[in-house]
Amino acid sequence: MEIADVDGSGTIDMEELKELVSKLEYTMDDASLKEVFDKEDQDNDGELSKEEFGNAVFSILKANKDENHEDDE
């Protein structure tokens, strides 16, 4: 989480999550990333806590794996 938390706030906002996905060279369009962010932002405060961030990263990894698997078929 420390790598993604660019501003040191202890939470991750949408821009920080977008930057992390880009750094990891994952393919995910903005709308899909926003959908993951909104789903995992349980308290709707516009930021992901450590737990919410972990869930979002898991969802992103899963979506990326599924997309890459579809490309193999």
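This is a predicted model: local features need pLDDT of at least 70, side-chain atom pairs count only at pLDDT 80 or more; totals for chains, interfaces and linings use all residues.

Biologist: Which side-chain oxygen reaches a backbone nitrogen at the start of helix 2?

Modeller: The oxygen belongs to Asp29, and it comes to within 3.2 Å of the backbone nitrogen of Ala31.

Biologist: How should I read burial, and which residues of helix 2 are buried?

Modeller: A residue is called buried when its relative accessible area is under 20%, and exposed when that area is over 50%. In helix 2, which spans residues 30-40, the buried residues are Leu33, Val36, Phe37 and Glu40. Viewed down the helix axis, these buried residues fall within an arc of 100°, so they line one face of the helix.

Biologist: Which exposed residues does the face turned away from the buried side carry?

Modeller: That face of helix 2 carries Ala31, Glu35 and Lys39.

Biologist: Let us turn to charge. What is the general idea of a salt bridge, and how many are counted here?

Modeller: Side chains of opposite charge can pair when their charged atoms come close. The rule used here asks for a side-chain nitrogen of Lys or Arg within 4 Å of a carboxyl oxygen of Asp or Glu. By this rule there are four salt bridges.

Biologist: Where do the partners Asp30 and Lys18 lie?

Modeller: The side chains of Asp30 and Lys18 form a salt bridge, at 3.2 Å from N to O. Asp30 belongs to helix 2 and Lys18 to helix 1 (residues 14-23), so the pair ties together parts that are twelve residues apart in sequence. Asp30 is partly exposed, at 43% relative accessible area, and Lys18 is also partly exposed, at 32%.

Biologist: How many residues apart are Asp38 and Lys34, which both lie in helix 2?

Modeller: They are four residues apart, about one turn of the helix. Their side chains meet in a salt bridge of 2.9 Å, N to O. Asp38 is partly exposed, with a relative accessible area of 39%, and Lys34 is partly exposed at 39%.

Terms used:
Residues are numbered from 1 along each chain as its sequence is written. Side-chain values use heavy atoms; hydrogens and water are left out. Buried means under 20% relative accessible area, exposed over 50%, partly exposed in between (1.4 Å probe, protein chains only). Helices (H or I, at least four residues) and strands (E, at least two) are DSSP runs, numbered from the N terminus. The arc is that of the directions from the helix axis to the C-beta atoms. A polar contact is a pair of N or O atoms within 3.5 Å; within protein, one must be able to donate a hydrogen and the other to accept it, and residues adjacent in sequence count only if both atoms are side-chain atoms.
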